[in-house]
Amino acid sequence: LEVWLLKLGVQTTHGRPRHPQTQGKDERFHRTLKGELLKRTDLLDLSEAQRQFDRWRRVYNEDRPHESLGNATPSTRYRPSPRPY
């Protein structure tokens with residue numbers, strides 16, 4: 001599964017066993033996704049869902065300021081890792 005996800009460009013994360021606090025960033029992201037998109041949008045089919053996710057991802061990363069980044073957007077801080085997979 002992880003290889004397949006990596007080939008699709010999906011980054012996987014793993015928390016330390018028996019340490020749920022290490023999942024805080026993922027949990028916060030899911031809460032934001034649910035509140036800003038999933039509770040407000042009817043996803044009628046997979047195509048519609050993909051369009052809505054693509055739109056929301058752009059807003060989340062390029063338009064929406066993030067308090068944890070000093071109100072910058074993630075796209076202004078992102079740097080690809082120099083390490084190849």
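**Entry 1: the model.** I am working from a predicted model.

**Entry 2: pocket volume and centre.** I looked up the largest pocket first. It holds about 1,700 Å³ of space. I then went through its lining, which comes to 37 residues. Nearest the centre of the pocket I found Gln11, Asp26, Phe29, Tyr60 and Asn61.

**Entry 3: who supplies the lining.** Which helices each give at least two residues to the lining? I noted α2 (24–38), α3 (46–63) and α4 (74–77). The largest share comes from α3, with nine residues.

Entry 4: I sorted the lining residues by type. Twelve are nonpolar, 13 are polar and twelve are charged.

**Entry 5: α2, length.** I turned to α2, one of the helices that line the pocket. It has 15 residues. From its first C-alpha to its last I get 20 Å. That is close to the 21 Å expected at 1.5 Å a residue.

**Entry 6: α2, buried side.** Which residues of α2 are buried? I list Thr32, Leu33 and Leu37. They sit on the same side of α2, because they cover an arc of only 105 degrees around the axis. I checked what they pack against, and the partner is α3.

**Entry 7: α2, other side.** I looked across the helix last. Glu27 and Arg31 are exposed on the other side of α2.

How values were computed:
Residues are numbered from 1 along each chain as its sequence is written. This is a predicted model: local features need pLDDT of at least 70, side-chain atom pairs count only at pLDDT 80 or more; totals for chains, interfaces and linings use all residues. Side-chain values use heavy atoms; hydrogens and water are left out. On a 1 Å grid over the protein atoms alone, a cavity is a set of points where a 1.4 Å probe fits but cannot get out, and a pocket is an open set with protein on both sides within 12 Å along at least five of seven lines; lining residues have an atom within 4 Å of a point. Grid points are joined across faces, edges and corners, and a volume is the space filled by probe spheres set on the points. Helices (H or I, at least four residues) and strands (E, at least two) are DSSP runs, numbered from the N terminus. Ala, Val, Leu, Ile, Met, Phe, Trp, Tyr, Cys and Pro count as nonpolar, Asp, Glu, Lys and Arg as charged, and the others, Gly among them, as polar. The expected span of a helix is 1.5 Å times one less than its number of residues. Buried means under 20% relative accessible area, exposed over 50%, partly exposed in between (1.4 Å probe, protein chains only). The arc is that of the directions from the helix axis to the C-beta atoms. Contact means heavy atoms within 4.5 Å.
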